[in-house]
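Welcome to a short tour of a two-chain model. Please keep the structure open beside the text as you read.

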Amino acid sequence: MTAMLAAVQISKSFVGVPALSNVDVEVRPSEVVGLIGENGAGKSTLMRVLAGTHRPDSGSLTLDAKPLRLRNARDAAVHGIGMVFQEQSLLLNLSVAENVYFGQEAQFARFGIVNWRRMNLAARRQLEKIGVDIDVTTRTSELTFAARQMVELAKALTLEESTQRQLVILLDEPTSMLGQADIETLFARVRALKARASFVFVSHRLEEVLKISDRVYVMKDGRVVAEHAADAVTAPRLHEIMVGRGLQSEYYKEMKQEPPGAEVLLETSNLGVARIFRNVDLKLHAGEVVGIAGVVGSGREEVTRCVGGFLPQTNGMLSVAGVPTRIVSPGQAVKAGIGYVPRERRIEGLVMFLSIAINITLANLDCVMSHGVIDYRRERNLAVDWIRRLRIKAPSPDIACRNLSGGNQQKVVLARWMNAGSRILVLDHPTRGLDVGAKEEVYELVRELSAQGKGILLISDTLEETIGLAHTVLVMRDGEITARFDASRGRKPDQVELLRHMV
Amino acid sequence: MKMLDAFRSLLSAGSTGWLRNVAPPAVLLVLIAVIGIASPGFLRADTLLVILSDTAVLFVLAAGATFAILIGGIDLSIQSVASLASVILAQLLPRLGLWAFVVAILAGVASGFASGLVHVRLRVPSFVATLATGGVVAGLGLLASNGRAITIEETSRLDTTWMNQSLDGVPVVVIIAIAAGVASFLALRYTRFGRRCMAVGAGEPAAWAVGINVDRTKILAFTVSGALAALAGVILACRLSSGSPNLANQTLLPAIAAVIVGGTAITGGLGGVERTAVGALIISIVRIGMTFVGVDIFAEQMVFGAVLIGAVSVTIDRSKIAIIK
């Protein structure tokens with residue numbers, strides 16, 4: 001079959017970091033194309049290029065073998081390409097009908113006044129097409145997440161009215177927040193619509209991708225590394241291609257991984273936050289790294305937020321060094337000796353406009369106070385010392401953190417908690433956005449922290465990293481722990497084994 | 001537009017924007033030089049002392065506002081607080097003597113605290129919170145004075161004359177303003193509270209995440225703002241020998257302008273009281289310069305408004321806030 005929409009040798013960089021390199025993909029008529037890859041592999045960037053919201057640095061798009069230039073989403077819409085966004089793009093304060101025809105109200109307007117009755121009728125027709133029965137005058141905020149996803153789909157399908165062509169609908173992780181029943185409904189709609197439209201489907205859940213797709217592309221590090229017919233490949237095989245290599249123990253400094261001590265730093269029993277996760281039992285020993293694996297929505301993120309004090313617990317017990325502790329704010333977590341290294345480094349991690357020195361002492365200013373005032377010389381010396389110890393690349397401790405690279409910013413965050421004497425560290429995607437060299441340095445630091453007897457609770461972007469760094473891996477799904485694996489040196493579990501408990 | 005953008009990028013390149021540090025003092029020096037050349041008498045010590053005395057009230061008011069702005073908020077209640085303090089002073093001097101000063105300033109502390117509490121506990125944006133408390137405070141001033149100006153009588157003036165005297169040739173009001181300025185500077189630079197103010201203003205989520213009590217820091221900043229506003233009101237009342245519910249009207253705009261012109265970022269986290277001192281002097285000298293070149297006194301506020309718009313538009317850091325509301 002011939003291609004309808006094709007991307008030819010597409011490359012795209014963001015401030016010098018390549019996100020896509022020479023990517024070729026094609027979408028054929030009435031086809032569902034699966035697109036998989038780890039976080040940062042370039043899936044979302046590729047989708048945005050196809051949707052016209054990102055312009056490629058080089059390469060081109062073709063539609064029915066003719067060159068296609070997209071300047072924005074509206075251009076894409078004219079050519080029958082629509083996107084259903086991962087982070088839903090609906091305006092919650094508007095009605096369902098207003099959302100479905102957002103930006104296209106003109107067709108219902110006369111003399112600048114919108115005929116709401118006509119718009120509502122048209123919106124109802126759109127929803128009927130995908131078999132959804134929702135009152136179109138409802139405020140969108142009153143709908144469930146799954147229903148909103150359907151409204152998004154209906155919105156994308158309004159393209160039908162503006163063009164005669166086959167449509168291409170881009171679905172960027174539409175299932176990540178949906179329950180099983182809703183996913184089935186969505187898939188049934190996608191199948192029913194295949195006569196009129198092709199789909200590109202991005203998801204983390206490989207089984208799901210295989211189930212709905214005709215063909216699957218695998219992306220890694222900004223490139224397409226494989227293309228398979230969906231019935232000729234298995235999920236474990238896809239995962240292997242996606243990760244790209246077997247576990248490299250050297251990369252994660254596995255030889256430096258020592259057995260943890262006996263002291264329990266953090267213990268939870270039946271820990272829960274209503275409607276998000278429940279019955280989480282975990283023990284974190286001195287010198288131990290406990291990794292939590294799970295897909296988006298598994299609740300693992302929230303477990304770390306809870307331990308860090310950002311999300312107050314509603315059930316169960318949490319104790320720090322044997323003392324039952326209630327943590328309802330980051331301040332209390334810090335007092336209890338818990339340091340949180342957030343994924344949003346630039347927002348929650350550092351005060352970007354203040355200097356390295358100030359950021360390092362922010363959590364315990366006491367260490368540089370003398371006679372009740374801040375001793376600037378001592379603060380500076382302390383910062384110089386941390387810069388040396390953690391090999392932070394910075395010309396001076398006085399420069400603002402915004403001028404540092406991502407890896408060095410992460411080191412400043414770690415320096416702060418080390419300086420504050422935190423014994424428990426929560427690492428929330430500690431290597432996100434870092435290049436390979438910076439990642440290795442963070443791994444090295446994790447080993448050093450373990451050797452100093454710190455307990456580390458870790459969630460990360462890849463299973464490989466979680467397994468490589470952790471002594472113990474907990475697997476979560478739908479808000480509960482589904483499996484525990486010993487991941488100490490020489491006994492690293494297989495990724496496929498973990499995956500079985502994740503999806 | 002292109003030139004304006006280029007100018008902006010020079011001024012607003014965050015902490016590396018050295019022009020942000022250099023421009024205000026440079027403008028001040030140029031202004032002094034221009035007026036000094038136009039009118040040689042201007043640079044005499046006694047003229048300069050008069051200018052400093054005239055700047056004292058504006059500076060104390062602006063120094064308080066600096067705290068509110070540094071934490072990323074704003075205090076629009078300061079002129080009402082200053083007026084209320086003047087009324088309280090004038091009303092209570094005959095009965096309480098020097099204690100009237102204490103009561104007047106405590107009133108400022110209370111209203112600043114109330115603003116902070118409304119802002120933080122009820123999650124009301126600070127400009128709305130202080131606009132509203134400013135209204136309440138203005139009403140209290142009107143009630144306490146029956147809506148009239150209250151002259152500080154001859155008998156009570158014994159308690160206010162010290163404010164209008166000089167110490168070794170330096171006016172007492174100038175000494176008070178400098179003391180308030182130095183104390184504010186030290187508090188911001190050398191205390192936990194000051195450090196927390198900067199952190200909250202420059203990156204509130206990060207400040208919260210490292211365990212800083214953001215709410216308490218904000219309330220304290222508004223309390224300081226209220227206290228200094230009341231101090232400004234008290235100084236003004238002594239200088240004019242009168243307290244009035246609209247004594248400090250028309251001072252909000254120049255005070256905020258002084259903070260911003262001095263180089264403190266309207267978005268918070270960057271700046272300080274030392275910059276506000278420079279800003280206040282610039283505003284003062286512009287004011288004198290205007291009378292000098294014959295600008296109608298009634299047009300003053302127009303100029304200050306324009307100066308504020310100009311200063312914010314060229315210095316605001318758009319990398320920090322994408323959407324301007």
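A:Arg305 has a relative accessible area of 22%, so it counts as partly exposed. Its partner in a salt bridge is A:Glu348, with 2.8 Å between the closest N and O atoms. The two residues sit 43 positions apart and join distant parts of the chain: A:Arg305 belongs to helix 10 (residues 300-307) of chain A, and A:Glu348 to helix 12 (residues 345-349) of chain A. A:Glu348 is buried, because its relative accessibility is 14% and the cut-off for buried is under 20%. Please bear in mind that this is a predicted model.

## Other charged pairs

Why can such pairs form? Side chains of opposite charge can pair when their charged atoms come close. Over all chains, the structure holds 33 salt bridges.

One of them joins the side chains of A:Glu184 and A:Lys211, at 2.8 Å from N to O. A:Glu184 is partly exposed at 34% relative accessible area, and A:Lys211 is partly exposed at 46%.

In chain B, you can find B:Arg44 and B:Asp46 in a salt bridge whose closest N and O atoms are 3.0 Å apart. B:Asp46 is partly exposed, with 42% relative accessible area, and B:Arg44 is partly exposed as well, at 49%. Back in chain A, a network of salt bridges links A:Lys253, A:Lys256, A:Glu440 and A:Glu444.

## Domains of chain A

Into which domains is chain A divided? The assignment gives domain 1 (5-243), domain 2 (260-337 + 423-503) and domain 3 (352-421). Where domain 1 of chain A meets domain 2 of chain A, the contact takes 9 residues from domain 1 and 11 residues from domain 2. The C-alpha centres of these two domains are 34 Å apart.

Domain 1 of chain A and domain 2 of chain A bury about 860 Å² between them, and carbon and sulfur atoms give 66% of that area. How many salt bridges cross this interface of domain 1 and domain 2 of chain A? The rule finds 0 there.

## Where chain A meets chain B

Between the chains, 29 residues of chain A are in contact with 25 residues of chain B. The area buried between chain A and chain B is about 2100 Å², with 66% of it given by carbon and sulfur atoms.

As for pairs between the chains, the side chains of A:Asp366 and B:Arg192 meet in a salt bridge at 2.3 Å from N to O.

## A nonpolar patch on chain B

Finally, take a look at the surface of chain B. B:Leu96, B:Trp99, B:Val102, B:Val103 and B:Leu106 form a nonpolar patch there, with about 470 Å² of accessible area together. Which element gives the most to the nonpolar patch? Helix 5 (residues 99-121) of chain B does, with 4 residues.

B:Val103 is found in helix 5 of chain B. Its relative accessible area of 33% makes B:Val103 partly exposed, and a patch residue needs over 30%.

Terms used:
Residues numbered from 1 in each chain as written. Chains lettered and ligands numbered in written order. Predicted model: local features only at pLDDT ≥ 70, side-chain atom pairs only at ≥ 80, totals over all residues. Heavy atoms only, no water. Patch = residues over 30% accessible without salt bridge, like charges linked within 9 Å, V, L, I, M, F, W, Y side chains within 5 Å. Areas by Shrake-Rupley, 256 points an atom, 1.4 Å probe, with all protein chains shown as cover. Salt bridge = Lys/Arg side-chain N within 4 Å of Asp/Glu carboxyl O. Buried < 20%, exposed > 50% of the residue type's maximum accessible area, 1.4 Å probe, protein only. Domains from an automatic or database assignment. Contact = heavy atoms within 4.5 Å. Buried area = accessible area lost by both parts, 1.4 Å probe.
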